[in-house]
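Please open the model in a viewer and keep the sequence panel at hand.

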Amino acid sequence: MTTAPAVRPAPVAAPAAPPAAPLLPRAARAEEAGPLARVLAAAFQEDPLTRWAFPDPEHRARVLPAFFRVHLEQCLAHRGVLAVHDRATGEPQGAVLYLPPGVWEDPGRQNRSAARALDRAIDIARHPESARRLAAITRLQIRRHPRHRPHFYLAFIGVLPEARPSGAGRALLDTLLAEVDHHGQAAYAETSSPAGARLCAASGFTRFGEAIALPGGGPHLNPVWRGPR
């Protein structure tokens, strides 16, 4: 009597991991201003622009949350904040701050209130040099900002360093630009880092004039423009 050869079961491949759910940015709520300000502070802690404006690392770490809180509240008043959150925890990972057409050109009373709040946020009495540098940035931005051409103004886009590989920044910008395109509008921004420049270039922004050189050997801001689609 012969025995049949043992039949080896066919190897079973491990099931493929399901594709990650896409990141879906949404409009930020007013009560998220504090957490989002801390996220943006972390995102911009080592950015060339904020390093120049706030050269003391301890001062920079201390004031950036309050600095971004002012900008967040200014943009929230115009429904100009999108946020992206961690899929598992729901914690915020990044945000984009923007102003719709016409708002930058005519900020009105709210802009004066924001300027006073920024003075308090950066502790102007003890850090007058940072105040002067921020004023220089604002002055140069105003001089170069496009006028008489309606557009969305992308003020800040920032993502936590550990969340950048997830594509959170691209998801935020894509969501904003979908709204821009829905309204048939253009968009304008100033990039302050190579990563920001690459992100904008990949989304159709092109150079808009010469770079803005900050005084005293400071970094450059690169104006970029994306026409209506």
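**Charged pairs at the surface and within**

Begin by selecting Glu210 and Arg207, both of which are exposed. The model is a predicted one. Glu210 and Arg207 form a salt bridge in which the closest N and O atoms are 3.3 Å apart. Side chains of opposite charge can pair in this way when their charged atoms come close. In total, ten salt bridges are found in the structure.

Next, select Arg170 and Asp174. Their salt bridge brings the closest N and O atoms to 3.0 Å. Both residues belong to helix α6 (residues 168-182), and because they are four residues apart there, about one helical turn separates them. Residues three or four places apart in an α-helix point the same way, because the helix has 3.6 residues a turn. Arg170 has a relative accessible area of 36%, so it is partly exposed. Asp174 is also at 36% relative accessibility and therefore counts as partly exposed.

Now select Glu46 and Arg60. Here the salt bridge has its closest N and O atoms 3.8 Å apart. This pair links distant parts of the chain, since Glu46 lies in the loop between α1 and α2 while Arg60 lies in helix α3, 14 residues away. How accessible is Arg60? Its relative accessibility is 3%, so Arg60 counts as buried.

**Along helix α3**

Select the whole of α3, residues 57-76. The helix has 20 residues and spans 28 Å from its first C-alpha to its last, close to the 28 Å expected at 1.5 Å a residue. At its N-terminal end, display Asp56, which caps the helix: a side-chain oxygen of Asp56 is 3.1 Å from the backbone nitrogen of Glu58. Moving along the helix, centre the view on Val63, where there is a kink of about 40 degrees, shortly before the proline Pro65. Colouring by burial will pick out several residues of α3, among them His59, Val63, Leu64, Val70, His71 and Leu72, which are buried.

**Aromatic rings**

Finally, turn to the rings. A pair of aromatic rings is described by the distance of the centres and the angle of the planes. The model contains ten aromatic pairs. For one of them, select Phe44 and Phe68: the pair is tilted, with 5.3 Å from centre to centre and 35 degrees between the planes. Phe44 is in the loop between α1 (33-43) and α2 (48-53) and Phe68 is in helix α3, so that the pair links parts of the chain 24 residues apart. Phe44 counts as buried at 10% relative accessibility, and Phe68 is buried with a relative accessible area of 0%.

Then select Phe54 and Phe67, an edge-to-face pair with 5.8 Å between centres and 75 degrees between planes. Because Phe54 lies in the loop between α2 and α3 and Phe67 in helix α3, this pair ties together parts 13 residues apart in sequence. Phe54 and Phe67 are both buried.

Which residues do ring pairs link into a cluster? Show Phe44, Phe54, Phe67, Phe68 and Phe156 together to view that cluster.

As a last stop, select Arg149 and Trp225. The charged end of Arg149 sits over the ring of Trp225, at 4.5 Å from the ring centre.

Key: Residues numbered from 1 in each chain as written. Predicted model: local features only at pLDDT ≥ 70, side-chain atom pairs only at ≥ 80, totals over all residues. Heavy atoms only, no water. Phe/Tyr/Trp six-rings, centres within 6.5 Å; stacked < 30°, edge-to-face > 60°. Helix = DSSP H or I, 4+ residues; strand = E, 2+ residues; numbered from the N terminus. Buried < 20%, exposed > 50% of the residue type's maximum accessible area, 1.4 Å probe, protein only. Lys NZ or Arg CZ within 6 Å of the ring centre and 35° of its normal. Expected span 1.5 Å × (residues − 1). Bend = angle between axes of the 7 residues up to and from the residue. Polar contact = N/O pair within 3.5 Å; in protein donor to acceptor, adjacent residues only side chain to side chain. Salt bridge = Lys/Arg side-chain N within 4 Å of Asp/Glu carboxyl O.
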